[in-house]
Amino acid sequence: MQKTKEHSSLREKEFLLTVLSDYKLVCESREASLLGRKEVLTGKAKFGIFGDGKEVAQIAMAKQFINGDFRSGYYRDQTFMMAIGHLTIQQIFAALYAHPDLEKEPASAGRQMGGHFSTRNLNADGSWKNLTAQKNSSADISPTASQMPRLLGLAQASKVYRNHPGLPDEFKKFSNHGNEVAFGTIGDASTSEGLFFETINAAGVLQVPMVMSVWDDGYGISVPKKYQTTKSSISELLKGLQRNDELPGYEIIKVKGWDYPGLVAAYERGVRVAREEHVPVLIHVEEMTQPQGHSTSGSHERYKSKERLEWAKEFDCIAKMRGWIIEHNLYSTEELDAIEAQAKLDVRAAQKAAWNEFRASIDADLHSVMEFIKQLAGSLKDGSEIAELRESLSRTMEPIRRDIFDAARKALWITRGIKTPEREQLQTWIASQMDQNFDRYSSHLHAQGSHSALRIPEVLPKFDENAHKVDGRIVLRDNFVALFEKHPEMLAFGEDVGKIGGVNQSMEGMQERFGELRVSDTGIREATIIGQGIGMAMRGLRPIAEIQYLDYLLYALQIMSDDLATIHYRTKGGQKAPLIISTRGHRLEGVWHSGSPMGAIVNALRGMHVCVPRNMVTAAGFYNTLIQSDDPALVIEPLNGYRSKENQPTNLGDYTIPLGVPEIVREGDDITIISYGSTCNLAEMAAEELHGLGVSVELVDVRTLLPFDLDHKIAESIRKTSRLLIVDEDVPGGASAFILDKVLNEQNGYALLDSRPATLTAKEHRPAYGSDGDYFSKPSVSDIVECVYALLRESDPDNYPALYN
């Protein structure tokens, strides 16, 4: 009996300490939100979006979040991040000020605005940390509901790890037998987005351990939820997803955002179901408030009634928690008052420390430039203009680096043509600081060091001279088999990928050989196909996500651009998702299967590699290269290559094609033709026709658009031929403009040309249906021949008489 009383007393004491700790944290988070808004309104920070009103629910959620779990969330989750130990008050303000120091702002080194959280999942050398030994948050992005597709993949990874017996021990750092839960959070209004519904449906089909929390405060900025959601309730709308004894589905839970004990119980129940049964859970957290409105960009008093504002004060989650504590005689009013007062002091101290640290390196730069300019002014016969520049800088209130560097650069402009040691000293300082600022603001677009795709050694394909040629799809299929046998962490999925092995049979028989877990079909839902890949790649698996046709990539381009392409950059090397996306395009007749939006793709996907092979031996080589690297990539297989005959390499799975290295397909002296993919094959046919007309063509297959010709082989070709034609299936000004800019500006190709550079592209519309529609919509062999001939005739009409009189 005595022991029972002691245990009961101990549990009671622990409970009281937990409640006190929780209340302290929600008060600190609220004070950080309140002071953060003031910092924006006073001009110290640019923009603020905070977690006020969501504090208590996030405390309850954090109680169930354990090592190995992942969050894919929403920019109001600051209390949750504080509760799991990955966000301090000082770091909230460091992010608000955009401090570009990872030590001070570890989520993104100031690259993302406040409220965008992440954890450091990589070591400094780019290798994986032990993700099961820490709580993990995937890097947030702002576009509403864009955190959803990746959430699906983070949850699916647990399902793969639970059911994949063939993984070696080294993968234990990614999962503890698949027991991890992926936690998603979203604002109620954002559930109107298609990405939310696509993900919810896919997670229900896949039955993955996902806990989806909807923070419902009744508004989407100024628009009430009666205009957002059918029945004004996302949980009512999704009732059909509720699982039952006959059919799988979701566990759906509703709870009030101000009910502390109710929230704790709801999350304990929901997460247990997800973790143990691998069932997706939707937790609809209603009656939340947003005390400061949506953000610092406006006031919610403009669109909320006085009655609504009064209700929000009464049902503020912290006020309600305080009332519950007092009602149950857990702590006194005076004790809670003391906690609140201390929270104000602690937050103010953290804010001051963050501001001082942010200013320290800037002020050091300011001091240096002020001294350099002073010395420069003193070295001149008339230094008055320089002195005035220094005086103007000194009058600037809390100057930032932009102000400091503008002044330094203007000092060089003013003293152009003058050579003094003082001017040289300033010039040297600017150059060195530009390098530092590249690291602060522009580095880590791609993987660094040995993990970079650009550092994978080239291994040439080997061929058996006596072997028969095979269809290109066979080269791809057998190469995939070799890769899957070598890399048990590899997966492939997409529409029709599983049972039939893809619409072009490039994965024929692989599901039967490697099982449905590793080679699987998906629904028609491109954005979440990519999301599956992103999430699983962030957890150590190596997925190949297939988008059936290049045209369909547009469904997923936003996710690829905003999320996948920026992960490594926006975390400054803290996270990676080495997803390979496979698709096929070019030269298939019809409006909807023959588009080539390459200009849109290369400009939207900086941070990814874009490979455009002209045959399947090259495509397979790219897959072999990419699987060894840590960069995300897109491989566009040429549609007319699956049935084309090729020599099959004997070292499948081993040979590698380097990225950013064009191939000289045909050497010549009169003109350089640049192309890629299927159009390069047409250019090769045209070169043969031109040979009969006395024209010697040098044909260059760029092979990858991102990166593009790193060693400037094209410039060397133009140096020999002095003429340039770019042949492209994209619309005018699409990929051809990208290539032209690279060649003329980056490679200084303009100085090597004897005539205008020319582009030959598709028409401005989608290709018309049928073979004739294709012929008159896109560059044909005849078009290439006549374009090249006309370029040569301009300078030598005697040797190249008119084709049409």
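Contact here means heavy atoms within 4.5 Å, and axes are lines fitted to C-alpha atoms, for helices over the stretch in contact, with angles running from 0 to 180 degrees between N-to-C directions. Helices (H or I, at least four residues) and strands (E, at least two) are DSSP runs, numbered from the N terminus. The model is a predicted one, so to speak of local features takes a pLDDT of at least 70 and side-chain atom pairs count only at pLDDT 80 or more, while totals for chains, interfaces and linings use all residues. Residues are numbered from 1 along each chain as its sequence is written, and side-chain values use heavy atoms, with hydrogens and water left out.

With that settled, helix α26 (residues 781-795) lies across β18, β21 (724-727) and β22, and runs at about 160 degrees to β21. These strands belong to an open, five-stranded sheet with mixed pairing, in the order β17-β19-β18-β21-β22; two strands count as paired if DSSP finds at least two bridges between them. The edges are taken by β17 (663-666) and β22 (758-760), each of which has a single partner strand, so one side of each has no neighbour in the sheet. From one strand to the next, the twist averages 25 degrees. Inside the sheet, β18 (residues 671-675) and β19 (residues 697-701) pair in the parallel sense, over five bridges. Ser675, for instance, has Asp701 of β19 as its bridge partner.

Next comes strand β15 (residues 633-638). Six of its six residues are buried, so the strand is largely enclosed by the rest of the structure; buried means under 20% relative accessible area, exposed over 50%, and partly exposed in between (1.4 Å probe, protein chains only). Both faces are covered, with Ala633, Val635 and Glu637 buried on one side and Leu634, Ile636 and Pro638 buried on the other. In a regular strand the side chains alternate between the two faces of the sheet. Strand β13 (residues 580-585) pairs with β15 in the parallel sense over six bridges, and Ser582 has Val635 as its bridge partner there. Strand β14 (residues 609-611) also pairs with β15 in the parallel sense, over three bridges, with Val610 opposite Leu634.

Grid points are joined across faces, edges and corners, and a volume is the space filled by probe spheres set on the points. The largest pocket comes out at about 750 Å³. Of its 33 lining residues, Lys46, Tyr97, Ala98, Phe358 and Ile400 are the closest to the centre. Two or more lining residues come from each of α4 (89-96), α11 (333-378), α13 (401-414) and α14 (421-441), and α13 gives the largest share, six residues.

Finally, Phe47 sits in the loop between α1 (2-41) and α2 (55-62) and, at 28% relative accessibility, counts as partly exposed. Leaving aside neighbours within four places in sequence, Phe47 is in contact with Val40, Leu96, Met113, Ser295, Thr296 and Ser297.

Key: 1 Å grid on protein atoms, 1.4 Å probe; cavity = no way out; pocket = protein on both sides within 12 Å on 5 of 7 lines; lining within 4 Å.
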